[in-house]
Amino acid sequence: MKTVKDLNSQYTAVATATGRDGRAFSSDGLLDVKLALQRELGGTGGGTNPEQLFAAGWAACFATSMQLVARQRKIDVEGLSVTAEVGLVPKEQGGFTLAAVLRTTLPASVPAEVGRELIEATHQVCPYSGATRGNIPVELL
(Lines give C-alpha, C1' and ligand atoms only; values in the text may rest on other atoms or scores of the structure.)
Protein backbone atom coordinates (compact mmCIF):
# COMPACT_ATOMS: atom_id res chain seq x y z
CA MET A 1 0.00 0.00 0.00
CA LYS A 2 1.38 3.40 -1.01
CA THR A 3 1.80 6.04 1.69
CA VAL A 4 2.81 9.71 1.72
CA LYS A 5 6.22 8.60 3.01
CA ASP A 6 6.67 6.88 -0.36
CA LEU A 7 6.52 10.39 -1.87
CA ASN A 8 9.56 11.47 0.18
CA SER A 9 7.51 13.25 2.85
CA GLN A 10 9.58 14.71 5.68
CA TYR A 11 6.53 14.68 7.96
CA THR A 12 3.17 13.01 7.57
CA ALA A 13 0.07 13.90 9.56
CA VAL A 14 -2.51 11.14 9.81
CA ALA A 15 -6.08 11.94 10.82
CA THR A 16 -9.34 10.06 10.65
CA ALA A 17 -12.86 11.52 10.61
CA THR A 18 -16.29 9.98 10.80
CA GLY A 19 -18.14 12.83 9.05
CA ARG A 20 -19.34 16.38 9.70
CA ASP A 21 -21.50 15.12 12.59
CA GLY A 22 -18.88 12.94 14.19
CA ARG A 23 -15.34 13.09 15.35
CA ALA A 24 -11.87 13.76 13.93
CA PHE A 25 -8.71 12.48 15.56
CA SER A 26 -5.03 12.23 14.79
CA SER A 27 -3.03 9.03 14.90
CA ASP A 28 -0.86 10.38 17.73
CA GLY A 29 -3.89 11.25 19.88
CA LEU A 30 -3.01 14.96 20.14
CA LEU A 31 -6.05 16.01 18.11
CA ASP A 32 -9.48 14.69 19.03
CA VAL A 33 -12.38 16.99 18.23
CA LYS A 34 -16.12 16.74 18.06
CA LEU A 35 -17.41 17.71 14.64
CA ALA A 36 -20.85 19.15 13.94
CA LEU A 37 -22.59 20.43 10.85
CA GLN A 38 -22.75 24.23 10.89
CA ARG A 39 -26.06 25.89 11.84
CA GLU A 40 -25.92 27.73 8.52
CA LEU A 41 -26.12 24.35 6.78
CA GLY A 42 -28.93 23.00 8.95
CA GLY A 43 -26.85 21.41 11.68
CA THR A 44 -26.56 21.96 15.41
CA GLY A 45 -23.26 23.84 15.28
CA GLY A 46 -22.28 22.04 18.48
CA GLY A 47 -18.73 21.24 17.39
CA THR A 48 -15.98 22.39 15.10
CA ASN A 49 -16.11 21.80 11.34
CA PRO A 50 -13.67 21.02 8.53
CA GLU A 51 -13.58 24.64 7.33
CA GLN A 52 -12.48 25.86 10.77
CA LEU A 53 -9.77 23.22 10.92
CA PHE A 54 -8.58 24.11 7.41
CA ALA A 55 -8.60 27.84 8.24
CA ALA A 56 -6.58 27.27 11.41
CA GLY A 57 -4.03 25.11 9.60
CA TRP A 58 -3.66 27.54 6.71
CA ALA A 59 -3.32 30.56 9.02
CA ALA A 60 -0.62 28.82 11.06
CA CYS A 61 1.24 27.62 7.98
CA PHE A 62 1.06 31.03 6.29
CA ALA A 63 2.34 32.79 9.42
CA THR A 64 5.26 30.38 9.76
CA SER A 65 6.04 30.65 6.04
CA MET A 66 6.04 34.45 6.36
CA GLN A 67 8.47 34.28 9.27
CA LEU A 68 10.80 32.25 7.04
CA VAL A 69 10.48 34.66 4.10
CA ALA A 70 10.96 37.68 6.38
CA ARG A 71 14.01 36.13 8.05
CA GLN A 72 15.59 35.52 4.62
CA ARG A 73 15.00 39.18 3.78
CA LYS A 74 16.16 40.36 7.21
CA ILE A 75 12.78 41.93 8.04
CA ASP A 76 11.48 41.83 11.61
CA VAL A 77 7.88 40.60 11.66
CA GLU A 78 7.70 39.67 15.33
CA GLY A 79 4.09 39.90 16.46
CA LEU A 80 2.58 39.17 13.04
CA SER A 81 -0.71 37.33 12.83
CA VAL A 82 -2.68 35.72 10.02
CA THR A 83 -6.42 35.23 10.00
CA ALA A 84 -7.80 32.81 7.42
CA GLU A 85 -11.44 32.95 6.39
CA VAL A 86 -12.52 29.79 4.58
CA GLY A 87 -16.01 29.80 3.13
CA LEU A 88 -18.24 27.20 1.53
CA VAL A 89 -19.50 28.62 -1.76
CA PRO A 90 -22.37 26.92 -3.62
CA LYS A 91 -21.53 25.74 -7.13
CA GLU A 92 -24.02 26.25 -9.97
CA GLN A 93 -24.04 22.53 -10.77
CA GLY A 94 -24.66 21.64 -7.12
CA GLY A 95 -22.39 21.01 -4.19
CA PHE A 96 -19.86 23.44 -2.81
CA THR A 97 -16.37 24.74 -3.37
CA LEU A 98 -14.12 26.70 -1.04
CA ALA A 99 -13.09 30.34 -1.14
CA ALA A 100 -10.58 32.02 1.14
CA VAL A 101 -9.37 35.36 2.40
CA LEU A 102 -6.03 35.57 4.22
CA ARG A 103 -5.66 38.69 6.39
CA THR A 104 -2.11 39.36 7.53
CA THR A 105 -1.43 41.85 10.32
CA LEU A 106 2.19 42.99 10.35
CA PRO A 107 4.02 45.19 12.85
CA ALA A 108 3.64 48.93 12.22
CA SER A 109 7.39 49.09 11.58
CA VAL A 110 6.95 47.20 8.27
CA PRO A 111 6.16 49.67 5.44
CA ALA A 112 2.98 48.87 3.48
CA GLU A 113 4.80 48.13 0.20
CA VAL A 114 7.28 45.82 1.97
CA GLY A 115 4.39 44.07 3.70
CA ARG A 116 2.62 43.54 0.38
CA GLU A 117 5.79 42.02 -1.11
CA LEU A 118 6.14 39.72 1.92
CA ILE A 119 2.52 38.57 1.62
CA GLU A 120 2.89 37.82 -2.11
CA ALA A 121 6.22 36.01 -1.58
CA THR A 122 4.76 34.00 1.30
CA HIS A 123 1.82 32.94 -0.86
CA GLN A 124 4.35 31.40 -3.25
CA VAL A 125 6.08 29.27 -0.57
CA CYS A 126 3.27 28.33 1.86
CA PRO A 127 2.29 24.68 1.25
CA TYR A 128 -1.42 25.39 1.82
CA SER A 129 -1.30 28.25 -0.69
CA GLY A 130 0.41 25.96 -3.17
CA ALA A 131 -2.22 23.27 -2.68
CA THR A 132 -5.08 25.68 -3.33
CA ARG A 133 -3.50 27.81 -6.06
CA GLY A 134 -5.67 27.79 -9.15
CA ASN A 135 -8.29 25.62 -7.44
CA ILE A 136 -10.20 28.14 -5.33
CA PRO A 137 -10.48 31.93 -5.17
CA VAL A 138 -8.01 33.36 -2.63
CA GLU A 139 -7.71 37.00 -1.65
CA LEU A 140 -4.62 38.23 0.17
CA LEU A 141 -5.10 41.21 2.48
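Start by selecting Thr48. Setting aside neighbours within four places in sequence, Thr48 is in contact with Val33, Lys34, Leu35, Ala36 and Leu53. Keep in mind that you are looking at a predicted model. Thr48 sits in the loop between S3 and H1. Is Thr48 buried or exposed? Its relative accessible area is 19%, and buried means under 20%, so Thr48 counts as buried.

**The hairpins**

Next, select strand S1, residues 15–17. S1 pairs with S2 in the antiparallel sense, over 3 bridges. Look for Thr16: its bridge partner in S2 is Phe25. Now select the turn. The hairpin of S1 and S2 has 5 residues between the strands. Click on Gly19 there, which takes a positive phi near 125°.

Move on to S2, residues 23–26. Which residues lie on its covered face? They are Ala24 and Ser26. Arg23 and Phe25 lie on the uncovered face.

Ala24 has Val33 as its bridge partner in S3. This hairpin has 5 residues between S2 and S3. In the turn, Gly29 has a positive phi of about 80°.

**The open sheet**

Now show S4, S5 and S6. They form an open sheet of 3 strands in the order S4-S5-S6, with mixed pairing. S4 (81–90) and S6 (138–140) stand at the edges. Each has a single partner strand, so one side of each is left without a neighbour in the sheet. Neighbouring strands here are turned by 15° against each other on average, direction ignored.

Zoom in on S4 and S5, residues 96–105. Their pairing is antiparallel, over 10 bridges. Find Val82, which stands opposite Thr104 in S5.

**The helices**

Select H1, residues 50–72. H1 lies across S4, S5 and S6, and runs at about 145° to S4. Then select H2, residues 112–125. H2 lies across S5 and S6, at about 150° to S6.

How do the two helices meet? H1 and H2 pack at an angle of about 115°, with their axes 9 Å apart. That makes H1 roughly perpendicular to H2. Their crossing is right-handed.

Finally, show the side chains where they touch. H1 brings Phe62, Ser65, Met66, Val69 and Ala70. H2 brings Leu118, Ile119, Ala121, Thr122, His123 and Val125. Colour this contact by class: you will find 8 nonpolar, 3 polar and no charged residues.

Note on methods:
Residues are numbered from 1 along each chain as its sequence is written. This is a predicted model: local features need pLDDT of at least 70, side-chain atom pairs count only at pLDDT 80 or more; totals for chains, interfaces and linings use all residues. Side-chain values use heavy atoms; hydrogens and water are left out. Buried means under 20% relative accessible area, exposed over 50%, partly exposed in between (1.4 Å probe, protein chains only). Helices (H or I, at least four residues) and strands (E, at least two) are DSSP runs, numbered from the N terminus. Two strands pair if DSSP finds at least two bridges between them. Axes are lines fitted to C-alpha atoms, for helices over the stretch in contact, and angles run from 0 to 180 degrees between N-to-C directions. Angles under 35 degrees count as roughly parallel, over 145 as roughly antiparallel, 65 to 115 as roughly perpendicular and the rest as oblique. A crossing is left-handed if the near helix is turned anticlockwise from the far one by less than a right angle, and right-handed if clockwise. Contact means heavy atoms within 4.5 Å. Ala, Val, Leu, Ile, Met, Phe, Trp, Tyr, Cys and Pro count as nonpolar, Asp, Glu, Lys and Arg as charged, and the others, Gly among them, as polar.
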